Amino acid sequence: MILNSQESLRIKLLRFMLIFGIVFVHAKGTTAVYAGKSIGVNQMDFVANFIQTFISDGVARIGVPLFFMISGYLFFWGLEWSKENYFRKLKSRTKSLFIPFVFWNKMCIRDRRSAST
């Protein structure tokens with residue numbers, strides 16, 4: 001079963017907002033010291049700090065859990081429940097997600113080890 005255009009558009013809009021939220025989580029202003037000089041946001045007034053903390057540490061933190069919920073929803077979308085269908089779906093996801101995940105992680109670990117020696 002395929003999502004209709006209305007449902008697909010809703011998920012795309014939600015994903016777009018969640019991506020922005022995750023960027024805000026990672027882009028929270030911090031200060032770093034390099035060569036004795038401070039780089040970044042040194043001091044903010046109360047209002048700016050409150051807004052930044054409210055968005056980055058509050059509202060935007062729903063992004064990752066909602067992505068997990070959306071992926072779970074789409075995993076079971078149109079699945080007629082039976083043990084065979086469930087295991088067929090798991091086997092399909094193992095081929096398309098797990099094997100590439102293990103492969104690329106192994107490549108990165110191997111490259112990191114060879115770069116450090």
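A residue is called buried when its relative accessible area is under 20%, exposed when this area is over 50%, and partly exposed in between, as calculated with a 1.4 Å probe and protein chains only. The structure above is a predicted model, in which local features need a pLDDT of at least 70 and side-chain atom pairs count only at pLDDT 80 or more, while totals for chains, interfaces and linings use all residues. Residues are numbered from 1 along each chain as its sequence is written, and side-chain values use heavy atoms, with hydrogens and water left out.

Two packed helices are described by the angle between their axes and the distance between the axes. Here the axes are lines fitted to C-alpha atoms, for helices over the stretch in contact, and the angles run from 0 to 180 degrees between N-to-C directions. Helix α1 and helix α3, which covers residues 63-76, pack at an angle of about 150° with their axes 9 Å apart. Angles under 35 degrees count as roughly parallel, over 145 as roughly antiparallel, 65 to 115 as roughly perpendicular and the rest as oblique, and α1 and α3 are therefore roughly antiparallel to each other.

Although methionine 17 and alanine 60 are 43 residues apart along the chain, their C-alpha atoms are separated by 9.2 Å.

Methionine 17 also belongs to a nonpolar surface patch of about 1200 Å², whose other members include Leu14, Phe16, Phe50 and Ile55. Such patches are made of residues with over 30% relative accessible area and no salt bridge, where nonpolar side chains (Val, Leu, Ile, Met, Phe, Trp, Tyr) are joined within 5 Å and like charges within 9 Å. Both α1 (5-26) and α2 (46-56) supply at least two residues each, and the largest share, six residues, comes from α2. Isoleucine 55 lies in helix α2 and is partly exposed, with a relative accessible area of 32%.

The structure holds one salt bridge, a term for a side-chain nitrogen of Lys or Arg within 4 Å of a carboxyl oxygen of Asp or Glu. Aspartate 57 forms this bridge with arginine 61, and the closest N and O atoms are 3.3 Å apart. Aspartate 57 is partly exposed at 34% relative accessibility, and arginine 61 is likewise partly exposed, at 47%.

Finally, alanine 35 lies in the loop between β1 (31-34) and β2 (37-40), where it counts as exposed at 83% relative accessibility. Most residues other than glycine have a negative phi, whereas the phi of alanine 35 is near 55°, a positive value.

How values were computed:
Helices (H or I, at least four residues) and strands (E, at least two) are DSSP runs, numbered from the N terminus. Accessible areas come from the Shrake-Rupley method with a 1.4 Å probe; for residues, only the protein chains shown count as cover.
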